[in-house]
Amino acid sequence: MTAAGLAAQRIVPTVPRSAWALLLAASTAVLYLAFRGQWTLPHNNDAELFSSINALRETVEDNRDSIPLITPIREFVDALVEVFLTVFRSFSWPGLVAFAGALGLAIGGWRLGLLGAVGVAAFGVLGLWESSVDTLALTLASVLLALVIGIPLGILAGRSNRVLRWISPVLDVMQIMPTFAYLAPLALLFLIGPATAAIATMIYAIPPAIRITAYGIRGVSPTSVEAANAMGSTRSQVLRKVQLPMAFPTIVLGINQTMMMALSMVVITVLVDAPGLGKDIIRALQQVDVGAAFDAGIAIVIIAVIIDRLMSALGDRVSTRVAPGAAASRRRRQQLFLAVAIAIGGVIVGRLILSDPEFPDAIAFSFQGFINDITNWLRTNATHVTEAIKNVVTFGLINPIEEVLTSAPWWLVLYAVVGIAILVGGAGPAITAAVCLVLIIALSLWEHSMETLTTVLVATAMTLGFGLLLGVASARNKRFSAGLRPLLDTAQTMPAFVYLIPAVALFGPTRFTGVVAALIYAIPPVIRLTEAGIKAVPPTIVEAATSAGSTPRQLLLKVQLPMARPALLVAANQGIVMVLAMVVVGGLVGAGGLGYDVVAGFARRDFFGEGFAAGIAIVLLGVMLDRITQGAGRRQRANPRSAASSMVRSA
Amino acid sequence: MASSLPGGTGEDQEEESGIGMKTSIRRVAASIAIAGLVIAACSSGGGGSPAGGGGQAGTVNIAVNPWVGYEADAAVVAYLLEKELGYNVEKKDLKEDVSWQGFPTGEVDVILEDWGHPELQKKYVDEDKVAQIAGTTGNVGIIGWYVPGWMAEEYPDITDYKNLNKYADLFKTSETGDLGQFLGSDPSYVQYDEALVTNLDLNYKVIFSGGEAATITALQQAVANKTPLLAYWWDPQWLNSQVELVRVKLPPYEPGCDADLEKVACDYPETPLQKVVSTKFATEGGKAYELIKNFNWTNEDQNVVSDYITNKDMTPEAAGEKWVKENEDKWKAWIPK
């Protein structure tokens, strides 16, 4: 924000914001009571837009072969995935275990080698060898695609402001768009199969590759670039000799992120006939088999941990700025030779001596029975508790809010949302919000959008509430924080899909199920950001407050939380976008609204149009919520009367 | 960010270490590449591409739609294809409509239990000619609206749709407000319940359980705990021999009454379940195609296998094997000469 803008902000609010908020609330309430039930936009399954999209679908279907590039792209990507699958499947298990160990050893040393070998062996122990190997292969193929396209784009965006300006909003939308929403359109173009799966995963996973590469290129110190220019380097020399090498550690970080994103997406692509662990998870969902889903989820977490550690080690290695000494480099060379020997040895043992052995059943281990016992116990003995929780939230929050949002005139919702957006975010977010809502009306999906908005609001409120509590507890108690950390790590790497299954087992097919799944999915970053925010409060301020006689409670409420507000607003923003993504997946288990439309649009031909439109509506809702919460964060940072400064003054 | 070591801040230093870093990357990359090459060489030496792993006759891609009766069909057919004819079978868990999309590319060769998709059949079989009907499975599918047996006893007239509004209050849930809940199953199944509710002026709202297993749990609970439930349900299904469910009478089906899915106001038809194969598979599938064409059994047969899978804790493979071992007289006739 410019200095002039800051000055304007300081002068304008003569009336405090709370008074405006009160006015907005009061006027909305009065208007609602006066016009309730009028100007509503009830849902119509046969809206004209839906049938025209359906007609468009037919046209595309009939002329698919004459659309240029479509078939070559499909065949190329199919072949690429096939190569990866063939190579990975042709490893026997001793071969792949040895190879993973060798890779770890070569990149990071003994401990990483051990992690790689044990981790890969765990696929077999869990009885998920083939699925895990397929998932790994498909993920790597998609990541390769994402990198081949993403890194050059990232370099362009790193070197040209115009490209960055164009590409940023596109990436924003790609990140908000729920993965589900583009499976059906992609399958329309590329048919079901590995190509569609890999392309969908690529779309989902490419933003970090582009963003972080651009960031890395931009982060190269201008003096280095200037020095190179002064020596007469051409642009491409500057790129190859200065910018790329110096940005490389950052790019490795981006590759790691891309892999993590790809891993969470490949699971969902099972819906378009991708092989791998997604099959196990979707079957578990169909059979409400919580234990089986847990096993498959753990296998995904293991893959994620291995990739993450390997990439981090690689990142550390490339960013180490000193050449190793003679002794160290001899040790390295020995390790490398050993690694190659282990890999070759493993493959020979697996292939030639044991001739493609089955993984031994003797060391099988599964969480399935244990987890299902717990679930069944809960289902038989705790039904009244789960029912009560569900009913309190449904009748207390979901139903009343949904009732208000769907029975209010559309212009009143618009008025209230724009009002809130102005108050918390300013004019920019307010305009965005208004445009998004109007477009939703144009999509003929108002009522379903209001239903989805309801679930999102309730789930976000619960996520922030519980996340704040747990985050505060973590910040104040080291042991609690340490105990929670592995849980959060696991929760963040499990594919979102997996959370639906316990939720539906306990709460049945309801909107609350979607809320619960969203809560589990979105709470880890909220806890983490809250904890970090509170811990970042300078100890001097805490001491000052304590010596001034604050009780721990006062300290928390008057000092730590207000000062952590920027972090909390980031948490709210993250939380809301993640909740939205999950609420959509909730469409699979009885949560209505746009999520169901998308699911039905995928599963049923006649619903294609509605599902397609619903996918766009979700993006619009997401952009609206994202901009409003982000706006709040910006305003917070720009506000001269921010909590921090007032604190310092009073302290 | 903490990686730059004390002393190493000058630009020369960075240049120099950039080279050191590069060689070390190169070395790692080179050794990995060598290892990869060696492995590739070994594995091709060891023989056995994945397609050739199961048998020499080729691979059959069978779509498996999400209900256990279909899984039972697939279990038996896959077992016979693999063990009797030496094929490799790829089972693909797909929704009904999505499975058809696999015919043009060969992603899917066979749909074993099609419950009637006239629109898809028109497009893929009649117009595009990428698929063909390969006869019926012998099973007759019945879809309908069902209530637990105790409800039919306690409220005898509930089994006529005209009286459903009278009892709507019984079926209210947290999800339906003032309306009664109609429990749909998987949204991808053949169904037009939402249109029926509208066109028959019923005060109900369709909520989807999400799938077969969830509907089974709901039905079992409704029978055991005597809770009210009105649900989309079907036969053949193993549960029908274990709990008593009564079908609600809707306006009787007449040919063509379900032509326009928006205006439909009649019950579901009885559907002879059919097999659909890709045209390519029909011409090039050889014995595998013959076997699938010959496959034909009864509802009881299917329920036995479904029961093995669901209640006897068997994998589909084990269940298929058990049925095949016990019923040689039945499947011998399917094996092509």
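How many bridges join strand E4 (residues 131-148) of chain B to strand E9 (residues 270-278) of chain B? Seven bridges join them, and the two strands run antiparallel. The model is predicted, so local features need pLDDT of at least 70, side-chain atom pairs count only at pLDDT 80 or more, and totals for chains, interfaces and linings use all residues. Residues are numbered from 1 along each chain as its sequence is written, while chains are lettered from A and ligands numbered from 1 in the order in which they are written. The predictor gives the complex an ipTM of 0.78 and a pTM of 0.84.

**Confidence in chain B**

- The mean pLDDT of chain B is 85, and 83% of its residues reach 70 or more; pLDDT is the predictor's confidence in each residue, from 0 to 100.
- Within chain B, the lowest confidence falls in helix H1 (residues 11-46) of chain B, with a mean of 48, and the highest in strand E3 (residues 110-114) of chain B, at 97. Helices (H or I, at least four residues) and strands (E, at least two) are DSSP runs, numbered from the N terminus.
- Residues 1-22 of chain B have a pLDDT below 50, and this stretch has 21 contacts in the model beyond near neighbours in sequence. Two residues are in contact if their C-beta atoms, placed from the backbone, lie within 7 Å.
- Over residues 40-55 of chain B the pLDDT is also below 50, with 22 contacts beyond near neighbours in sequence.

**Strand pairing in chain B**

- Strands pair if DSSP finds at least two bridges between them.
- Val246(B) in E8(B) is the bridge partner of Val147(B).

**A loop residue in chain B**

- Thr176(B) is in the loop between helix H5 (149-154) and strand E5 (180-184) of chain B.
- Thr176(B) counts as partly exposed because it has 17 C-beta neighbours inside 10 Å. A residue is buried if 20 or more other C-beta atoms lie within 10 Å of its own, exposed if 12 or fewer, and partly exposed in between, with C-beta atoms placed from the backbone.
- Leaving aside neighbours within four places in sequence, Thr176(B) is in contact with Gln181(B), Lys205(B) and Ile207(B).

**Overall form of chain A**

- Chain A has 29 helices and zero strands.
- Its radius of gyration is 27 Å, close to the 26 Å that the globule rule gives for 651 residues, so chain A is as compact as a globular protein of that length. The radius is taken over C-alpha atoms, and the rule is 2.2 Å times the number of residues to the power 0.38.
- Along its principal axes the C-alpha trace of chain A spans about 80 × 60 × 60 Å.
- Of the 651 residues of chain A, 51% count as buried.

**A buried proline in chain A**

- Pro249(A) lies in helix H12 (residues 235-266) of chain A.
- Pro249(A) counts as buried because it has 21 C-beta neighbours inside 10 Å.
- Between Pro249(A) and Val305(A) there are 19 Å in space, C-alpha to C-alpha, and the two are 56 residues apart in sequence.
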